[in-house]
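This report covers the symmetry, sheets and helix contacts of the model shown below.

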Protein chains: 2
Amino acid sequence: MCAIRLTQTVQKGGCAAKVAATELRRILERVRFPARHPELLVDGSTFDDAAIYRVSPELALVQTIDFFTPIVDDPYTFGRVAACNALSDVYAMGGRPVTAMAVLAFPLASFESETVAAILQGASDMIAEAGANFVGGHSIDDDTLKFGLSVTGYVHPDRVWSNQGARAGDRLILTKPIGTGTLMARLKYGEGGETGIPGVREAIESMATLNNVVDLLSPGLLGAVHAATDITGFGLSGHAWQMARASGTSFRFGMDRVPVFEGARVSIEEEFLTKAHRTNREYTAAALEDATLAPWQKTLIHDPQTSGGLLLSVAPEAAAELVAAIRPRFSRAEVVGEVVASEGTTCIFFDRNLPGTPHEL
Amino acid sequence: MCAIRLTQTVQKGGCAAKVAATELRRILERVRFPARHPELLVDGSTFDDAAIYRVSPELALVQTIDFFTPIVDDPYTFGRVAACNALSDVYAMGGRPVTAMAVLAFPLASFESETVAAILQGASDMIAEAGANFVGGHSIDDDTLKFGLSVTGYVHPDRVWSNQGARAGDRLILTKPIGTGTLMARLKYGEGGETGIPGVREAIESMATLNNVVDLLSPGLLGAVHAATDITGFGLSGHAWQMARASGTSFRFGMDRVPVFEGARVSIEEEFLTKAHRTNREYTAAALEDATLAPWQKTLIHDPQTSGGLLLSVAPEAAAELVAAIRPRFSRAEVVGEVVASEGTTCIFFDRNLPGTPHEL
């Protein structure tokens, strides 16, 4: 379809290129932000989650922005993935996307207009599937391709999913497998291409799937979701830690339950890694308990995801029903862990197995 | 304040780096966008103006995104200018900014965190002055610094200023002088720096001034504004042409009335130009009448502005009062031309003088 292999045009791909959380915190600590409006229900000033801004007692805006360098070679697919990744933050807050604007940077001299059009087409198609409107954007002549969206969604102010509501006893549900970071590194630096590397096609299809869980849930199941986040550049470990800490709890995962893309283990063992694998480990080091894991699993939990799944903290009695309700769209969704009391210090425990059978969870 | 001269870190600065309108059109023509929502009152799919999305009969969202590479050396000032430039689109639609998210790309390895923090501080201070909230953003490790904002504002759906409402007989009011494109090129490539080049300081201060005209106008004056746009990368010529065409009218400017930064003429005559000077000329060539202008004026009208002024199309009887009302904040605001019937073809006439005295206009 396109002579250029997009991933060969950039140094760092996808969410692996984003600025690490610790570095970002060091910057933001220096900025004196003024007092926030009372309408700002959830602050996005960590630069990662969506913000929630109340318009009226019945309506709040969910606002988020996300963009990155290509992690796949086909421009139409890259547009789909970038759009799903950006729209995901709205879904992670329990909202529904309404408008989207493009963030587009590309080398004007070397890119065919059909390549750029294919990226926009991919995004437009996913925005339409999400029921939102593509309302414009901004484009800039730049050395390396970057693309993403600034998205606004609607949510009822009383029905926002934040990362603060997880309760001890909740089950943790992950909607998509993990491993896109190492697989996309192998796609870029290794041999075999999209068709030759096991798991790459599945991972790309997963990244191009909207995290639209909301529309699959009955009102009862919606109410059973106590907290949510989406798994992106900080990996399962980083995002779990943020959510556990925000909720004043600890999280315990059973790695035998965590869905993993085929090929991710081999790819990690062959050391197709990114800087984020290291920075995510550093970011979570103080809270992490992973002694029982196999070596590759100790890396996998830090794998930076692009357009990864949602991590939902759900009332235990509703967990099985919720997984069943979302399986038609998220075939590999699983209960992967549980929320436990923090006893003063937030920890994220990763074990090979969890006590109790899958059925009990 | 900062060892790095920001403008020396990039190839192209400010709005001069944006993708030219003709190239953008060629790309967008290839994309099949789905039908737009009925709530989308103004489509931003030209990738330049703000979009207007109706929330209720009393409230619509103004949405816009803008970012660019540095056009000044001081990071705090760059943050102010970039924020003003992005917030301007909301003001150009008659709205008031409510939330803003950062678009941030910078070379992690070579930039001090205090440099990045200063950029964010500059933006935060302007967002606060605009009465809006800084609600988050996205940052990415990238070779060259880029910064800007995605902004959402509020406007009453019946009181939107679009670029479509100019009427024959209206007066055209420009709120800020032009010439930032050539002056910033001279700052980057020439000698003298911010203090040594005449007009540079004034231009920077102008770029760091919010286009907040709305708050200065009485309800009567607000109603006298028939159309508006902000002058940015496509220059006075390009944005005037877009507005004239959208309104089905022609525009006539008197260059003796157009405010120009000190030093801009010399800077043009010494050929401190950007690619946009040429592409803006090409963009408007079919509609342009400039035979009476001096050579430097023929270039100045295409000068790409960063955080330029608003161009307002105003009922003739209210023009003088409106200029007087905004002068406290925009000391060089002027009536610079008039709207004339198009007689079938939209033209933008640039003359040295307009018929009639300034008083008559």
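In what order do the seven strands of the open sheet in chain B stand? The order is β8-β11-β7-β12-β9-β13-β10 (chain B), with mixed pairing. The model is a predicted one, in which local features need pLDDT of at least 70 and side-chain atom pairs count only at pLDDT 80 or more, while totals for chains, interfaces and linings use all residues. Residues are numbered from 1 along each chain as its sequence is written, chains are lettered from A and ligands numbered from 1 in the order in which they are written, and side-chain values use heavy atoms, with hydrogens and water left out.

**The sheet of chain B**

β8 (225-230) and β10 (288-289) of chain B are the edge strands; each has a single partner strand, so one side of each lacks a neighbour in the sheet. Helices (H or I, at least four residues) and strands (E, at least two) are DSSP runs, numbered from the N terminus, and two strands pair if DSSP finds at least two bridges between them. β8(B) and strand β11 (residues 310-314) of chain B run antiparallel and are joined by five bridges. B:Ala227 has B:Ser313 in β11(B) as its bridge partner. Helix α2 (residues 75-92) of chain B packs on this sheet, where it touches β8 and β11 of chain B, and its direction makes about 165 degrees with that of β8(B). Contact means heavy atoms within 4.5 Å. Axes are lines fitted to C-alpha atoms, for helices over the stretch in contact, and angles run from 0 to 180 degrees between N-to-C directions. Helix α12 (residues 319-326) of chain B lies across β7 (171-174), β8, β11 and β12 (334-341) of chain B, at about 10 degrees to β7(B).

**A sheet of chain A**

In chain A, six strands form an open sheet of mixed pairing, ordered β1-β2-β3-β6-β4-β5. Its edge strands are β1 (40-42) and β5 (133-141) of chain A, each of which pairs on one side only. From one strand to the next the twist averages 25 degrees. Strand β4 (residues 96-106) of chain A pairs with β5(A) in the parallel sense, over eight bridges. A:Gly136 in β5(A) is the bridge partner of A:Met101. Helix α2 (residues 75-92) of chain A packs on the sheet and touches β3 (59-68), β4 and β6 (146-155) of chain A, its direction making about 145 degrees with that of β3(A).

| Helix pair | Axes come within | Crossing angle |
|---|---|---|
| α8 (residues 235-247) and α10 (residues 275-284) of chain A | 8 Å | roughly 25 degrees |
| α8 (residues 235-247) and α10 (residues 275-284) of chain B | 8 Å | roughly 25 degrees |

α8(B) and α10(B) are therefore roughly parallel (an angle under 35 degrees). The residues in contact are B:Gly235, B:Ser237, B:Gly238, B:Trp241, B:Gln242 and B:Arg245 of α8(B) with B:Asn280, B:Tyr283 and B:Thr284 of α10(B). The crossing of α8(A) and α10(A) is also left-handed.

**Relation of the chains**

Chain B is superposed on chain A by a rotation of 180 degrees with 0.0 Å of shift along its axis (RMSD 0.0 Å). That is the relation of a two-fold axis. B:Ser150 is the residue of chain B that comes closest to the rotation axis, at 3.4 Å (C-alpha). The copies meet through the same surface, because 100% of the interface residues of chain B are also interface residues in chain A.

Methods: Copies are superposed by least squares on the C-alpha atoms of residues with pLDDT of at least 70 in both. Angles under 35 degrees count as roughly parallel, over 145 as roughly antiparallel, 65 to 115 as roughly perpendicular and the rest as oblique. A crossing is left-handed if the near helix is turned anticlockwise from the far one by less than a right angle, and right-handed if clockwise.
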